[in-house]
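Me: Could you take a close look with me at one part of this model, and walk me through how its pieces pack together?

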Amino acid sequence: MPSRSAEVSRKTRETEISVSVHVDGKGKSDITTGVGFFDHMLDQLSRHSLIDMTVKAKGDLHIDDHHTVEDTGIAIGQALSKALGERRGIMRYASIDLAMDETLTRAAIDVSGRPFLVWNVAFSSPKIGTFDTELVREFFQALAQNAGITLHVTNHYGANNHHIAETCFKAVARALRAALEPDPRQPDAVPSTKGSLKG
């Protein structure tokens, strides 16, 4: 399997973002978005997916965190899609139930080329510190749309909003790791009867 790495830069009047990913990495990350809680979540995404990830983002944080979080999701998704190319030789499907203390969250992924998000996660507070909890969904919507993945995330239960958010990122990371692993039984095949996973 060729090296699965890519870089993406994205600049608008609201944000300036550069992302690099190496799918077959060791989970090393260098994340700076100006949003502390979001940096922590992206570190988890990188560490548990084993995708090496560099993210540098500057956004209009004087307004709020929305544009920075959403546009970072767009850029990471675009970088992943670019790195995966034809998506040849991947496992494609994966799911996991991930526990963290009192919280349990499920993530299921189809690296299908067809973007879709099903989000069954509710937070009991609009904020985790200064971070808007609704932005967790916005990030995964942008990621799924631009990476070309079908993503289902369901929080079964949990009391602590930090834990709920963190299990979402960790569960998606672990499912991504499994879905993007090389399939030793068909290393050169696109895992689709259509012969294409480009949508």
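Reply: Axes here are lines fitted to C-alpha atoms, for helices over the stretch in contact, and angles run from 0 to 180 degrees between N-to-C directions. Helices (H or I, at least four residues) and strands (E, at least two) are DSSP runs, numbered from the N terminus. This is a predicted model, in which local features need pLDDT of at least 70 and side-chain atom pairs count only at pLDDT 80 or more, while totals for chains, interfaces and linings use all residues. Residues are numbered from 1 along each chain as its sequence is written, and side-chain values use heavy atoms, with hydrogens and water left out.

Let's go to the helix packing. Helix H2 (residues 66–84) and helix H3 (residues 134–147) pack with their axes 7 Å apart, at an angle of about 25°. On the H2 side, the residues in contact (heavy atoms within 4.5 Å) include Val 69, Ile 76 and Leu 80; H3 contributes, among them, Leu 135, Phe 139 and Leu 143. Nine residues of this contact are nonpolar, seven polar and two charged. In that count, Ala, Val, Leu, Ile, Met, Phe, Trp, Tyr, Cys and Pro are nonpolar, Asp, Glu, Lys and Arg are charged, and the others, Gly among them, are polar.

Now follow H3 to its contact with helix H4 (residues 161–180): the axes of H3 and H4 come within 10 Å and cross at roughly 15°, so H3 is roughly parallel to H4. This crossing is right-handed too. Val 136, Phe 139 and Phe 140 of H3 meet Ala 165, Cys 168, Phe 169 and Val 172 of H4. The H3–H4 contact has seven nonpolar residues, with no polar and no charged ones. Phe 139 takes part in the contact with H2 and in the contact with H4.

Finally, the sheet. Its four strands are ordered E1-E2-E4-E3, in an open sheet with mixed pairing (two strands pair if DSSP finds at least two bridges between them). E1 and strand E2 (residues 15–22) are antiparallel, joined over seven bridges. H2 packs on this sheet, touching E1, E2 and E4, and its direction makes about 35° with that of E2.

Definitions and conventions. Angles under 35 degrees count as roughly parallel, over 145 as roughly antiparallel, 65 to 115 as roughly perpendicular and the rest as oblique. A crossing is left-handed if the near helix is turned anticlockwise from the far one by less than a right angle, and right-handed if clockwise.
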